[in-house]
Amino acid sequence: MCMQAIMSYRGRQVDRDDIRFIQQLIEQNGDSSRRQLSKKLCEAWGWVQPNGQPRDMVCRGLMLALHRGGYIQLPPVMARPHNPLAKRRAHGGVDIDRSELSVSLTELGDLRFMQVRRTPMERLFNALIAQHHYLGYTQPVGEHLKYLVYAGQRPVACFAWSSAARHLAPRDQYIGWSAQARRRNIMYLAYNSRYLIMPWVEVKHLASHLLGRMLRMLSDEWQRVYGHRVVYAETFVDPSRYRGTCYLASNWVYLGQTTGRGKDDQTHVANRALKDVLGYALVKDFREILSREP
């Protein structure tokens, strides 16, 4: 008979046998830090990302949730490692050519897409988003990619992609997957969290052209960085500001609207602007892939 799970964390079901195992692991490694314990548990469970790296950050979150729930007793925090994000400096000005660029798409010439996450160019990407995107810059969590698009020596656009929201009613209804399939396959979705054409760039059809090219390379780049592909893309558009023309011109599908409550809502009352939900299938059989269950 299967033992009933007492906690579900990021798709992992934890029962009392798991809790006993974790507590024994803690007691057997009394000199280990919480970080070391999470790596040992990942190794014991074979809990790894698709690229083979241990899921130790997720594992630490699980262990902390169990500790706070009174199910296990973690050792005291030994040290707080330096977190460069905690005291991130404000994104200052960047020295680039901001003169008006008003040409045809053909006259713009060759366009280069550069994935800049974990490169020296990431600082430039962050600064441009902070200064020129209406939502500003926030540090993504989980899997994410950042792109700068260059025309010659000038950056003309930025794309940011990250892990998709775990719950999104219009999308979930459109895909038609079960809750179990969603938990298992949410990793195959990518969320376009930022798209910026530089404000001094005025090139007709550039936005939809870049978006189409970006979609054609997205899955292969995700495979290269994270060891798995993505098969579906999604984004939000604030209809009070934009019509989403470039997305619709690139054959994205309107799925409905958000609830305006945010992912951590506890009040069930709208507290932010409603946004249109748009989706794009990167492969024809996306529903079959995303609906697969263990």
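Me: Does E221 count as buried or exposed, and at what relative accessibility?

Reply: This is a predicted model, and in it E221 counts as buried because its relative accessibility is 15%, below the 20% cut-off for that class.

Me: With which residue does E221 form a salt bridge?

Reply: Start with the general idea. Side chains of opposite charge can pair when their charged atoms come close. In this model E221 pairs with R224, and the closest N and O atoms are 2.6 Å apart. Both residues belong to helix 8; they are three residues apart, so about one helical turn separates them. R224 counts as exposed, at 58% relative accessibility.

Me: How many salt bridges does the structure hold, and which residue does R154 meet in one?

Reply: The structure holds nine. R154 meets D97, with 3.6 Å from N to O. This pair links distant parts of the chain: R154 lies in strand 6, D97 lies in the loop between helix 3 (56–68) and strand 3 (101–102), and the two are 57 residues apart. R154 counts as buried at 15% relative accessibility, while D97 is partly exposed at 41%.

Me: Which residue does R292 meet in a salt bridge, and which residues are joined into one network?

Reply: The side chain of R292 meets that of E288 at 3.8 Å, N to O. R292 is partly exposed, with a relative accessible area of 40%. As for the network, R171, D172, R182 and E234 are joined by salt bridges that share partners.

Me: Let us turn to the sheet. In what order do its strands lie?

Reply: The general point first. Strands of a sheet pair through backbone hydrogen bonds, either parallel or antiparallel. Here seven strands form an open sheet in the order 4-5-6-7-9-11-10, with mixed pairing. Strand 4 and strand 10 (253–257) are the edge strands, each pairing on one side only. On average, neighbouring strands of this sheet are turned by 30° against each other, direction ignored.

Me: How many bridges join strand 4 to strand 5, and which residue is the bridge partner of M114?

Reply: Five bridges join strand 4 to strand 5, and the two run antiparallel. The partner of M114 is L148, in strand 5.

Me: Which way do strand 7 and strand 9 run, and in what sense do strand 9 and strand 11 pair?

Reply: Strand 7 and strand 9 run parallel and are joined by three bridges. Y191 stands opposite E234 of strand 9, and E234 is also a member of the salt-bridge network described above. Strand 9 and strand 11 pair in the antiparallel sense, over six bridges. On that side A233 stands opposite Y280 in strand 11.

Me: Why is strand 9 largely enclosed by the rest of the structure?

Reply: Strand 9 is described that way because five of its six residues are buried.

Me: Which helix packs on the sheet, and which strands does it touch?

Reply: Helix 5 lies across strand 5, strand 6 and strand 7, and it runs at about 85° to strand 5. Helix 8 packs on the sheet too, touching strand 4, strand 5, strand 6, strand 7, strand 9 and strand 11 (276–281). The direction of helix 8 makes about 135° with that of strand 5.

Me: How many residues has the largest nonpolar core, and which have the most contacts inside it?

Reply: In soluble globular proteins, nonpolar side chains tend to be buried together. The largest nonpolar core here has 45 residues, and F159, W161 and L210 have the most contacts inside it. Among the elements that give two or more residues to this core are strand 4 (111–115), helix 5 (122–132), strand 6 (154–163) and helix 9 (245–249). Helix 8 gives the most, with eight residues. Another core lies apart from it; this one has 18 residues, including I26, L41, C42 and L62.

Me: Last, the whole protein. How many helices and strands are there, and what percentage of the residues is buried?

Reply: There are 10 helices and 11 strands. Of the 294 residues, 43% are buried. The protein exposes about 17100 Å², of which carbon and sulfur atoms supply 48%. Among contacts with a separation of 6 or more, 69% are between residues 24 or more positions apart.

Notes
Residues are numbered from 1 along each chain as its sequence is written. This is a predicted model: local features need pLDDT of at least 70, side-chain atom pairs count only at pLDDT 80 or more; totals for chains, interfaces and linings use all residues. Side-chain values use heavy atoms; hydrogens and water are left out. A nonpolar core is a set of buried Ala, Val, Leu, Ile, Met, Phe, Trp, Tyr and Cys residues joined through side-chain atoms within 4.5 Å. Buried means under 20% relative accessible area, exposed over 50%, partly exposed in between (1.4 Å probe, protein chains only). Helices (H or I, at least four residues) and strands (E, at least two) are DSSP runs, numbered from the N terminus. Two strands pair if DSSP finds at least two bridges between them. Axes are lines fitted to C-alpha atoms, for helices over the stretch in contact, and angles run from 0 to 180 degrees between N-to-C directions. Contact means heavy atoms within 4.5 Å. A salt bridge is a side-chain nitrogen of Lys or Arg within 4 Å of a carboxyl oxygen of Asp or Glu. Accessible areas come from the Shrake-Rupley method with a 1.4 Å probe; for residues, only the protein chains shown count as cover.
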